[in-house]
Amino acid sequence: MVVDKKKLVLVLAMTLALGLSSTDIYLASLPRLAEEFHVDADWANLTLSVYTAGMALGCLLCGFASDRFGRRRMYLGALGAYVVASAAIGMMPDLEAVIALRFVQGLVVAVFVITSRQVIADICDEQEMVKYTAILTMGIILSPALAPVIGAYIAHFSSWRMCFWVSAAFGLIMLLLVAWRLPETLPQPRPLPAAGNLLREYREILQNRQFLCYASIITLCYCAFFSFLTMSSFIYISELGVDPRWFSKIFILLALVYLIGNTTLQRLNARNTAKEKMVYWGLLISLAGAYFSLLAMLAWDHLWIGIILSVGAAMMRGAYALLQAPAQVLTMLACSDRPGTTVGLIFFLQFVAGALTSAGVSVFHEYAIGATVITMAVCLTLAMAAYGVERRRVATAGV
């Protein structure tokens, strides 16, 4: 089978951007959503936490389903469900129904996250995997750059509900595009594993120390940025008084620095830089950004608080682009005989931890700035500690 890898991965990146935009497109509308349903910030933020929990469960299961039913069928089914769920969210009269549908939306977006990487594993060798995984993450660049800005203007001229109707419309376009471009890349369908065998596989993977190290790093770095993402609209709009349309433009900055990190990653990979080094440099920059953000608790001027938080978040975002792809590849190489199970478990851990972090930091919404920056600093300190443990293990094993 001849596949134009670059064009195919670009289509997958666009689909991933669409799915992840479901997190970003209504961020500026969260305070208005809370007002409409007469709830506090922690209840409004449940629409983020539950969506992430849905992604976590989906990531755990959809890899096996994709191995059984095929990549193409999974993608088309997920896109169809995404269109229906997104349109329905825009029509729901109560918050409970919105939260339930957000969980469904998260379940199907997990297919874009996991199956896209399975397609890359189907058609690429080891070095190409880093290259095309980096291209795939262009979807992560497009989403925070465009979705919050588009969503802020949609909400300004219409309502937060229109954000989800727009998502449904773009989902329908992507359904047609994927049907045209995506062939079936699965070489041979596999039966669904028995529950006992599946639990045994997970136990074996979780006993692999290299997997634990890099999965912990990915998870903790994600939690650090997701805590900022969860509270950002309430900090900037409600506490600092930033106009929602200006607030959305912060995410253009975050996307630009992510692009810089992604471009740096591709150049380093072309020079055959060790994956472990790229992860270390990314961690170092992330940790510096988190510690810099702590200064926001000492500032009293709204402008300086906003600048400090934005710079700290930008440092973490750019560094995450640098470390994410090599860390993912290192986890998959640690358990190379079961890549689907491994990548599903990585994202399950990442999204479960992200949902818990989001819910936890939302509880302290009355102290939003302090809770957010302390959470970021703690998460990234633990991530650097996990890296240090792994490097000591490797050094000891080499002696």
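Helices here are DSSP runs of H or I with at least four residues, numbered from the N terminus. You are looking at a predicted model, where local features need pLDDT of at least 70, side-chain atom pairs count only at pLDDT 80 or more, and totals for chains, interfaces and linings use all residues. Residues are numbered from 1 along each chain as its sequence is written, and side-chain values use heavy atoms, with hydrogens and water left out.

**Stop one: F247.** Select F247, which sits in helix 12 (residues 244–270). F247 counts as buried because its relative accessibility is 1%, and buried means under 20% relative accessible area with a 1.4 Å probe, protein chains only. Leaving aside residues up to four places away in sequence, F247 touches L27, A28, S232, S233, Y236, I237 and V242; contact means heavy atoms within 4.5 Å.

**Stop two: S66.** Now move to S66 in helix 4 (residues 46–69). S66 is buried too, at 0% relative accessibility. Beyond residues up to four places away in sequence, S66 touches R71, M74, T115, Q118 and L186.

**Stop three: two packed helices.** Next, show helix 1 (residues 5–24) and helix 6 (residues 95–123), which pack at an angle of about 160° with their axes 10 Å apart. Axes are lines fitted to C-alpha atoms over the stretch in contact, and angles run from 0 to 180 degrees between N-to-C directions. Helix 1 is therefore roughly antiparallel to helix 6, a label for angles over 145 degrees. To see the contact, select residues including L8, L12 and L16 of helix 1 and V109, F112 and V113 of helix 6.

Notes:
Buried means under 20% relative accessible area, exposed over 50%, partly exposed in between (1.4 Å probe, protein chains only). Angles under 35 degrees count as roughly parallel, over 145 as roughly antiparallel, 65 to 115 as roughly perpendicular and the rest as oblique.
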